[in-house]
There are 2 protein chains.
Amino acid sequence: MNKTRGRVTLPSEGNFLNETKELMERWGADAIRDSDGTKLDDDIKQLDAKIYTTYFVARGHNDFAENRIEECQQLYLMSMFNTAVSETVEIDFMKGYFTEQVQPDYIHDPKKYWEVIDRTTGEIVEPDNWEVDEENNCVRVKKAIPWHEYTVSFLVFAIWDPTHMYNHITNNWGDKPHDIPFDVRGPQSNEYMRSFLTQWLRDNPDTDVVRFTTFFYHFTLVFNNLGKEKFVDWFGYGASVSVAALDAFEKEKGYRLRPEDIVDQGYYNTSFRVPTPAFLDYMDFIQKFVAEEAKKLVDLVHESGKEAMMFLGDNWIGTEPYGKYFEKIGLDAVVGSVGGGATLRMIADIPHVRYTEGRFLPYFFPDTFYDGNNPVLEANENWLTARRAILRNPVDRIGYGGYLSLAYKFPEFVAYIEKVTDEFREIYDTIKGVKPYSGLKVAILNSWGKLRTWQTHMVAHALWYKQIYSYLGVLESLSGAAVDVSFISFDDVISDGVPEDVDVIINAGDEGTAFSGGEYWKNEKLVSAIRSWIYNGGGFIGIGEPTACQHEGHYFQLATALGVDKELGFSLSIDKYFVQPVKEHFISADTTTFDFGESMKNIYALTEHTEIIEYSNGEIHLSAHPFGAGRTVYIAGLPYSEENSRLLMRALYYAANKEADFKKWHADNIYCEVHAYPSIRKMAIVNNSMEEQTTVVYDGEGKSKTVTLVPSEIRWEAFPNEG
Amino acid sequence: MNKTRGRVTLPSEGNFLNETKELMERWGADAIRDSDGTKLDDDIKQLDAKIYTTYFVARGHNDFAENRIEECQQLYLMSMFNTAVSETVEIDFMKGYFTEQVQPDYIHDPKKYWEVIDRTTGEIVEPDNWEVDEENNCVRVKKAIPWHEYTVSFLVFAIWDPTHMYNHITNNWGDKPHDIPFDVRGPQSNEYMRSFLTQWLRDNPDTDVVRFTTFFYHFTLVFNNLGKEKFVDWFGYGASVSVAALDAFEKEKGYRLRPEDIVDQGYYNTSFRVPTPAFLDYMDFIQKFVAEEAKKLVDLVHESGKEAMMFLGDNWIGTEPYGKYFEKIGLDAVVGSVGGGATLRMIADIPHVRYTEGRFLPYFFPDTFYDGNNPVLEANENWLTARRAILRNPVDRIGYGGYLSLAYKFPEFVAYIEKVTDEFREIYDTIKGVKPYSGLKVAILNSWGKLRTWQTHMVAHALWYKQIYSYLGVLESLSGAAVDVSFISFDDVISDGVPEDVDVIINAGDEGTAFSGGEYWKNEKLVSAIRSWIYNGGGFIGIGEPTACQHEGHYFQLATALGVDKELGFSLSIDKYFVQPVKEHFISADTTTFDFGESMKNIYALTEHTEIIEYSNGEIHLSAHPFGAGRTVYIAGLPYSEENSRLLMRALYYAANKEADFKKWHADNIYCEVHAYPSIRKMAIVNNSMEEQTTVVYDGEGKSKTVTLVPSEIRWEAFPNEG
């Protein structure tokens, strides 16, 4: 294979010119970026590479932000729960918060902007019945009802940018000044962000790509009184709130938000909460504003002849790449961090940009690059999970972050990345813009739909949580599977029904969450639409607590279609006779052991028609059921693994009633996959594991042969001749 | 020990006189009973023993019941869920029911007494929009909304007594006529039951005790189309329903019940459902009626010079021994089956009777008494669990059931029971009427309170269910523990607060059940009363999902007091820092391994003050927390075992803030217990296991000594001299 070049971005740093040149050569890099805390030397900027420069819009300008507290960013916070032990309650509302990050907003009248709530009844306490002691950051509630609980929802100024705060504290930056985030909704700030960028563009002629990190509002990240993370929501709109925003919202939407619309009982409208209409309005309002303002900056960048790239993270709130205003921003590119297949697709599938870029793992940081550790392992794992997704829809570029000098000390790593970058370019050059073979069309159904494309069940970006991994496996499996995936919302189905071309709908999540749907399942239009669609031949896969909402004799509102329900104790009196698993089943044909992750308890079959595939510990964890001409499948949980990816694929084909098509472009070894590209008559046979694998490979006509692949191998083959 | 006699009842049978005499002698029996299917010979009736004779009030009189269908017992049943695939739905409402047990009531107008419900919306379908096809047992719904689900709630006649049906089918009684249950609410039936009993009392001069088996209404037991159990609720009022009852209810309570008030979405108001006001009214109405009518029968028995005993089971519905009408019946005795300590206390604690009797296990049936099996083991286990409870409050008599001739073939069993009966009499003679030492007063708090004394979390009598054993352990542990136990309801607390003398309240159960409380926990009076009580020094133990009801930022409504809550997904964004278990804790001081049974997932600590005692798999299963002057304890589940009994006792003392008293009258070996009787200055040291045990025993002053007990031993000791 000839040495190829391009589509790769390197980080660099000061005093590292020769090594940078060497690595550019070996990895075929055509772009160089700075990082948080590193600056590029002039000689590096003169290399034959595009130069990315990190740009902060709303922080890192303390000379402007200082003494402009009235345009500082804000947050609504909720105090702890305080039990009234008498008719007076003193609420130390700042308890647990980090005074270096937030300080109460006493500029705007608390009686207007704050709320004291009786959390026992949910009622608002009359403002006349409480007062603020500004000196002690204390709210005194009078005429409280003893033994009720009270909270204060209060506005603060956010006086420290969360990412800066995190880095500052983590790296012991001592008395280095804190980046104060300002709100570009403020007139001075708005003017400043534009004039500063205009000047900056002039001052940085070597910059080819302005890497916005990012725009205006950081995802919600609140620290506690010990300076540690207290609340993190990668999707959180918390930091977009301000008095100015609230007033503008009222003007735009015709009604005023309550603090409770933001504070949400202390849950702060995380993406696990079924969104309220008011919060959806608020998100829309912020997105529109962010798009309008970001467009102004992007226009300035374009006028200067440079490209505008957005980092998918940090201050990305309101950009919503899958939302309806994103296109208007006019960005050239989006770059984001790749934790696996699902996060790769989250970046690669973003519409309305010219190119996307994935920042691969590991970061060149000392936590991985230390003596005795082999960073190749992590890189290999990251590449294999991402490659599956790249074979479905590649990002246009890959890149790395951190200290290049650190990576340079690991020659095996340097050699491995040389191989990866070559392999990436080969894949890209072969399949970019080519539609891969898809056996099925799958729709993920939840409260968010398209807006949260490849973004369901995530709390902090790509971090593991006990309560999510059993659902994230669904996305991770699908990210590299030979199916088309779309994301649809309950509201979509309620207003337009199920899209014509969908083969299988998946509803996955814990009861009451936005992903399962909660009270949505009482909506008769929704359940009718889905029932009718399944009955007429659709496939439906429920995972965890699908369609769950106790109502009129069912917990799963589609229990009759699913053939299973969950025993909450109310129906213990009903004998459960259907406990016998089928001897074999299409869905479990490749399964050696089941792993349902956190799994689900007390699932039982409703009829003898329920095909019980796995039954243990007195409960069902995997089953199928016919409903009219359609089919449903129930799975108790699906953490990511090769076995579970296969299980899900079989479940999808079974639900779709297309078992006959299952072996088209198929590898029978679960560690291997076939990605076919009919229009160019090529296929890639991949070994997703770090061991040698032998597999039978089936082509589109069902013809098979046996191949053996070395660890991690990708083998390109032309289609066999027709006839 | 001298041979004692009395307090024991034997079953007997035909042609078994000499052996009966021998066993009477050896077991000290002073009463003989017949059983279902056995009749006593005259010579046996002449023995020196009281004769119990089984009496059926409302079944076993087919000569009367036949051709009186209008006074036959009735049930409300719900059809299966039927999905409308067009605007017409045909509902085969009898599908899944056993036509030998039930037949639709077409005598009373279905349009008046039946309901068709749209289960998608919960709305009643106008009677004009459906019609009954009596020939085909079919309801045809017109103008249905396609893809909604429909059910029919319909009245049936119950033409076969469930116990008779069960025995008939189980024992293959072939064409033996089916006992038809009649409803004594009918005028002819009412007259008949009295006149028949009057004559029967004359005809049975040898009978000393009329053993009512039982009165009027069987617990709900419905069979399916295959003649197998479909629905069983030992507390179910289903069979008490009739057109006559519904009409009388309206007259008495001033409003009419809907079928839905009985059918309850197909859950039929099992005791796991938080009872509705209408259903509580209905239960009250039935109890009052049953008490009035039963009293008439009991009066007849008394007039004939005999005793009236009630069997706690079968047709016992409405008697409610812990209800407010039970006293009025005027019974002499109650007899019931003893499955362990909790069921023993359920019998022994019944008020307003002169004596109680426990029927011990095993039954003398071929399923236990067969060649190669050793029935002593089961008897020993049954006795040891029951003995703990007997030492707290003895039943007045014990007895056995089944075929005496079978037991007679097992000489070791005969010898063992000889020992048990002697031991029982020794205990009884020593402590009957003597108040045992109690270290604490414990109240079980749920929707039912006193009415379901020792009866919580039960489905079918003393049967194991996966969803209940982790809660039943609480009752079983308490049944033989040195604490006073009461049962209080949420309504009690709402109207009267927590009783003065309670040390610890226990709330145990799955979310939404009557035992946990469901929506009750939104009642501000309830939560205020409990919070205030704990804060002022009370102890509260929550087990499973205590106080659970998602509302205003908490899942556990007493989360602030408990110091823990359950993560449902809404608060994943909040960092959970409190995960470090305490090094040691009073509550777990005797624990070697934890067993939380079904356990509970995703419980987390809210504050640093939460004393985490057990933390594994990323979640808390045992913790404690201070709240004001009071304390709370959280336990994820408590199946019965000696370890868990000890854990619970320690949790109780800890919650009550009385650790200093824990070792009063205490055995440190968990397989041993001390039961002290201060007023007679005696204590019993018991070995609850079938192995030898050595234990340190503490007296009331904390003085200790070491004793070794043989398997199952009970050792009586006088208190040490004072001073």
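Modeller: Let's begin with A:Arg26 and A:Glu418, whose side chains form a salt bridge with N and O 2.8 Å apart; the term needs a side-chain nitrogen of Lys or Arg within 4 Å of a carboxyl oxygen of Asp or Glu. A:Arg26 sits in helix α1 (residues 17-27) of chain A and A:Glu418 in helix α14 (residues 411-431) of chain A, so this pair ties together parts that are 392 residues apart in sequence. Helices (H or I, at least four residues) and strands (E, at least two) are DSSP runs numbered from the N terminus.

Before going on, please keep in mind that this is a predicted model, in which local features need pLDDT of at least 70 and side-chain atom pairs count only at pLDDT 80 or more, while totals for chains, interfaces and linings use all residues. Residues are numbered from 1 along each chain as its sequence is written, chains are lettered from A and ligands numbered from 1 in the order in which they are written, and side-chain values use heavy atoms, without hydrogens and water.

Over all chains, the search finds 94 salt bridges, and 8 are counted between chain A and chain B. In one salt bridge, A:Glu149 pairs with B:Arg531, and their closest N and O atoms are 3.6 Å apart.

Which elements give two or more residues to the side of chain A that touches chain B? They are β15 (229-233), α17 (524-535), β24 (548-551) and β29 (619-627) of chain A. Of these, α17(A) gives the most, with 6 residues. By class, this side of chain A has 20 nonpolar, 27 polar and 18 charged residues.

How much surface goes into the pairing? Chain A and chain B bury about 5500 Å² between them, with 51% of it on carbon and sulfur atoms; this is the accessible area (1.4 Å probe) lost on being put together, summed over both parts. On the chain A side, the residues that lose the most area to chain B are A:Trp147, A:Glu552 and A:Phe570, together 14% of what that side buries. A:Trp147 has another feature: its phi is near 80°, a positive value in a residue other than glycine. A:Trp147 belongs to the loop between β11 (138-141) and β12 (149-158) of chain A. Most residues other than glycine have a negative phi, and most peptide bonds are trans.

One runs from B:Thr213 to B:Thr214, with omega near -15°, and B:Thr214 is in the loop between β13 (209-212) and β14 (220-223) of chain B. Another joins B:Leu361 and B:Pro362, with omega about -5°, and B:Pro362 is in the loop between β18 (355-359) and α12 (375-390) of chain B.

The same surface serves both copies, as 100% of the contact residues of chain A recur in chain B, where contact means heavy atoms within 4.5 Å.

Terms used:
Buried area is the accessible area (1.4 Å probe) that two parts lose on being put together, summed over both. Ala, Val, Leu, Ile, Met, Phe, Trp, Tyr, Cys and Pro count as nonpolar, Asp, Glu, Lys and Arg as charged, and the others, Gly among them, as polar.
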